[in-house]
Structure formats: C-alpha cells, structure tokens
Amino acid sequence: MSKSTVGAAPGQTPAAAPDDQDLGAAGSQLSTAPVEAPPNLPALGVIGWARWVWRQLTSMRVALLLLLLLALGAIPGSLIPQSGQDITKVADFEKTHPTLAPIYDKLGLFNVYSSVWFSAIYILLFVSLVGCIVPRTWQFVGQLRGRPPGAPKRLTRLPAYTTWRTEAEPEQVREAALALLKRRRFRAHLAGDAVAAEKGYLREVGNLAFHIALIVMLVAFAWGQLFKSEGNKLLVEGNGGFSNTLISYDDFKSGSLFTSDDLTPYSFSLNDFTGTYAISGPNKGTPRTYQASLTYSEGAYGKDKKTIVKVNHPLEIGDSKVYLTAHGYAPVITVRDGKGKVVFRDAVPLLPLDGNVTSTGVVKVLDGYKNAKGVREQLGISAFFLPTYTLGSETASTFPALLNPVLNLTPYFGDLGIDSGIPQSVYQLDKTHMKEFKDSKGKQVRENLKPGESMKLPNGAGSVTYEGTKEWANFQMTQQPGSGWALTGSVVTIFGLTASLFIQRRRVWVRAATGPDGVTVVEMAGLGRSESAKVPEELGDLAGILYEQAPGAPDADDDPADSEASPDPQVAPAEGADTK
C-alpha cells in the first residue's frame with residue numbers, strides 16, 4: 001500500500017536545517033532583510049569605510065538603538081522644567097539648584113527637544129529608517145512582480161515534508177494541486193514537474209508599513225514642533241472677545257519657524273458659561289455640566305456662528321483648536337472716590353485656590369482716583385472670594401456654585417509700582433509702596449461683602465461696592481500642523497506591527513513525477529520565514545485534501561484492497577531539521 005515518508009529519504013544522511021546554499025532560490029528572499037556580506041579583511045579605504053558606516057547606520061539594530069536613545073532622551077524633557085514651556089519654573093529651578101542648573105544648561109536639559117544632541121538622534125533615526133526602507137521596498141516590489149521560486153531538487157531537506165504514490169497522472173496531480181493552492185489564496189504556478197506556491201506577503205507589507213509609518217510620524221512631529229503655536233486667553237462672559245492675533249493672547253509660545261502669518265484668522269466671544277455640580281453624595285461638588293457658549297466667526301469678514309465648547313470637545317477652525325481649560329468667578333466691583341465719582345467699574349477675574357473655587361485676586365485702580373484731600377493716588381484692593389460662605393468655614397468655600405457668595409476686601413493706597421517698568425502679575429499686589437487703610441481704632445480695614453453691599457473707606461476716601469458676580473473661562477488656542485499625519489502614522493504603525501508579528505510568510509511545493517515502476521510519486525514540502533508548527537500543520541491539511549483527489553496506489557506486494565484503507569499522509573518535520 002502507499003506509504004507516507006517523513007524525514008530524510010531512504011539511504012540518505014539526515015540533513016541539517018535548510019539554508020540558502022542547500023535550497024538555492026527556494027530558500028531565498030522570504031523577507032526583504034538585507035543580506036550582510038562577509039567582512040572585507042583587507043584595508044577598506046575611504047569609500048569602503050563610508051560604505052561600511054552606511055550599512056551599519058541603515059541596519060535594523062541601529063535603528064532600534066536610535067529609537068531607544070530617542071525615548072531615553074525624552075525623559076529629561078518630562079522631568080526637568082523646559083524653557084519653551086514655562087520659563088518661570090526654569091528660573092525657580094535655577095534658584096533652588098545653583099549647582100545643577102549650570103550643568104543642565106550646558107547639556108541642553110532645559111530645552112531638550114531643541115538641543116543639539118536630541119536633534120542629532122532624531123535626524124540619525126530618520127536617515128536610518130529611510131536608508132533601511134527604500135532598498136527593502138524596491139526588493140519587495142521585485143518579489144511581487146516575480147513568481148515564487150521553483151522547487152529544490154531535494155524536498156526532503158525542508159522542515160515539513162510528506163510523500164505518497166498514486167495511480168493518477170502527474171499532470172492531473174499538478175493541476176489539482178495548482179487549483180487547491182489558488183483556492184487557499186497562494187500565489188501559485190507550474191514550474192517544471194512541480195507546483196510552486198507562496199503566501200503571507202502581508203507580513204512584509206506590515207513590516208514595511210510599520211517603518212514607513214514611523215518615518216511619517218517623525219516628519220509630522222518635527223513639522224508640528226517647528227510650526228506649532230499655543231496660547232491662552234481668559235474671557236469674562238459678556239466682556240469683550242478674542243481675535244487670533246499675537247497681542248490678544250495672555251501668554252503665547254510657538255515653534256522656531258512659526259510666524260504671525262501662520263495664525264488662522266478667526267475671533268470669538270464668551271456669551272455665557274454654565275457649570276452645574278453634584279449637590280450630594282460622595283461626589284458632591286464634582287462638575288456635571290461644564291461648557292461655554294461662544295459666538296465665533298472665521299476670517300476677517302465671516303458670519304457670526306454660535307457653538308458650545310466643552311472640556312475635551314474643542315472648537316475646530318482650520319488647523320486651530322480652541323479648548324476650554326479653566327473656569328472661575330469675576331466679581332463686579334465699583335470704586336468711587338471721596339466725591340462719589342466712579343473711578344473704576346469692572347468684573348475682576350479671581351484665581352481659584354481649590355476644587356470649591358475659593359478664589360483670590362487684586363483690584364488695581366491706576367488712574368482717576370483722588371483721596372479726600374484731592375491728591376491723586378493709586379488703590380490696591382486684595383480680594384478673597386467664597387462662592388458658598390458657611391459659618392465656621394470663613395477661610396474656604398464649601399461648594400463651587402454661587403449659593404451664598406461673600407467677597408472679602410482689604411484696601412491699600414499709595415504707589416502700585418506700575419510706572420517702575422518692572423513687570424508684575426495682575427493677580428498679585430506689590431505692597432512695597434502701599435499703606436493700609438485703618439479705622440478709628442487703628443486696625444486695618446477689612447470687610448466681608450455680599451452682592452449689592454458697599455464698604456466705605458476711612459476719612460471720606462471713597463467707597464467700594466460689590467455689584468454682583470460674573471463667570472470667566474480660560475481658553476487655550478493651539479495650532480499644530482501635522483497632527484493628523486501623526487495620528488494616521490500611529491494607527492498604521494499598530495496595524496503594521498500586528499501584521500508583521502502574526503502573519504507568517506511560507507512556501508509550498510508539490511512535485512508529481514513518474515517513478516521507476518511507472519507509478520506517480522507525489523512529494524509535498526513547506527518552508528516558513530520563521531520556524532513554526534503552523535507550516536507542518538498547514539502542509540498536512542493541504543496534503544490531506546490533495547490525497548483525496550489523488551489517492552494512494554498499492555505496492556506490488558500488497559493486497560489491492562488495502563489501498564482503499566490507506567491512511568492520509570501525516571506530515572512531520574524532516575529528520576535532522578530544527579523544529580523549535
């Protein structure tokens with residue numbers, strides 16, 4: 001009866017694992033990895049050394065090393081204050097660490113992403129990936145345009161191998177094998193007395209897509225860093241608006257190649273801010289509704305449109321995005337001089353100190369104020385605001401909403417230091433040249449006000465009235481070209497890596513030839529890109545189907561009835577082959 005031969009053919013010495021020299025074209029080009037030539041021991045010369053350096057730079061192991069260095073180099077940028085993000089924190093770090101700061105500065109650790117060493121790693125990684133991908137891409141295109149290589153002379157040397165004898169004609173066996181392999185989505189063709197087939201090209205497609213996507217991400221990130229812009233603007237509801245020009249920002253930073261002409265033209269104003277909070281339970285005070293109603297226009301003459309901006313749901317205009325980042329309260333304060341003349345009336349934004357929006361700030365009256373004697377002075381009023389005032393908790397609000405608002409005011413008079421030329425925060429009061437207002441008992445004047453209440457200044461110096469409360473919202477405007485490409489590259493990277501890891505490229509050959517006794521001998525063998533048990537399993541499945549179409553033939557000394565009970569050929573690794 002027919003027999004399935006597993007391993008080396010009878011009379012042959014068991015073979016070692018197949019290699020390119022044993023299998024010829026059949027074992028070659030199962031990947032697009034460059035073949036490393038043996039070292040040239042004689043003197044290389046300038047051209048030889050340049051070629052050797054280029055080959056090392058464009059090797060995959062160097063690319064992985066550079067990628068690791070890039071990741072390690074980004075760590076200081078996350079842990080150490082960066083001058084491009086917050087120059088104040090950098091200054092504080094220099095004061096706190098007088099020894100380390102000069103060393104960090106020389107190493108470029110305060111501006112990691114624009115330092116020479118980080119840029120060098122970035123550029124080398126880019127060159128390495130390009131030099132690795134371009135030749136591999138052309139090689140893969142050549143493989144796609146060609147056909148799977150023909151079967152090697154000795155199929156028994158392949159990791160997975162099986163054979164049987166059949167009474168079917170060789171041509172019939174080859175035609176059946178060709179049809180079967182094509183149904184299984186192999187690229188198959190007739191090559192002499194065998195059928196050559198190959199499958200799993202998506203592995204190389206995924207591998208190339210992964211590295212090309214890395215290049216796209218590198219370019220996109222670099223482009224975004226060079227041309228990005230980012231700024232903030234605080235707006236009080238109903239008070240003015242914002243136009244996307246440099247002078248309109250409260251703070252602004254940009255990439256090294258950014259110009260003001262790159263700003264997307266648009267404007268918007270804050271109509272209303274809505275914030276609701278959980279009133280009970282373990283999440284008491286947690287925001288439930290947090291949104292800003294805006295009126296915006298695109299371009300210089302665009303029509304007004306209305307929209308709602310929420311946290312993580314920005315307004316998108318061209319390449320720009322407008323994010324809602326913070327919220328607070330702005331008490332409306334009116335200041336009158338001794339004659340009752342209004343010298344200041346505005347909503348003053350205060351900065352939150354905690355989750356219940358306990359806030360602090362300063363009211364600065366720069367011009368127009370005269371004391372009781374008619375002498376021009378400047379006023380500074382420290383403000384402390386509690387949206388929900390509760391007896392027994394005078395130093396902090398007990399809820400973020402305006403349930404029982406109280407404004408604590410402490411006035412000062414004198415010189416605010418604005419004319420000194422030294423910049424100062426609008427939320428802080430420089431008391432160097434300021435004096436306290438004192439009552440008849442010599443105590444500093446300080447008073448709690450509810451909406452509509454007023455505080456009179458001593459000696460007929462005027463009054464301060466708490467008119468009511470408005471809300472403010474802070475918006476962050478970002479413009480980072482290339483972010484869409486970076487996102488696309490990251491998605492393609494994931495899919496490409498998945499394909500390269502889980503898809504196996506393999507080849508199958510089916511040889512059908514007439515044996516010395518006139519009976520057709522069928523041989524099937526498989527070879528994978530990497531050693532895996534899937535190749536023998538798949539080959540066994542294919543052999544079983546083909547065996548049904550070309551059943552085994554009886555041996556000359558066997559009972560013909562035994563051929564009908566012949567088992568399907570079992571496939572196992574060839575003897576001597578490594579099957580780890």
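Select N371 to begin: this residue is found in the loop between β14 and β15 (strands, E, at least two residues, and helices, H or I, at least four, are DSSP runs numbered from the N terminus). The model is predicted, with local features needing pLDDT of at least 70 and side-chain atom pairs pLDDT 80 or more, while totals for chains, interfaces and linings use all residues. Residues are numbered from 1 along each chain as its sequence is written, and side-chain values use heavy atoms, leaving out hydrogens and water.

N371 is buried, at a relative accessible area of 17% (buried is under 20%, exposed over 50%, partly exposed in between, with a 1.4 Å probe and protein chains only). Its side chain reaches the backbone nitrogen of K373 at 3.0 Å and that of V375 at 2.8 Å.

Next, select K370, in the loop between β14 (359-365) and β15 (378-386). K370 counts as partly exposed, at 35% relative accessibility.

Now move to D517 and R165, which form a salt bridge with the closest N and O atoms 2.7 Å apart (a side-chain nitrogen of Lys or Arg within 4 Å of a carboxyl oxygen of Asp or Glu). D517 lies in the loop between β21 (506-514) and β22 (520-528) and R165 in strand β1 (residues 160-166), so the pair ties together parts 352 residues apart in sequence.

Then select helix α7 (residues 170-183), where E171 and R174 lie 3 residues apart, about one turn of the helix. They form a salt bridge, with the closest N and O atoms 3.9 Å apart. E171 is partly exposed at 43%, whereas R174 is buried at 13%.

Finally, select D193, R511 and E523, which are linked in a network of salt bridges.

Methods
Polar contact = N/O pair within 3.5 Å; in protein donor to acceptor, adjacent residues only side chain to side chain.
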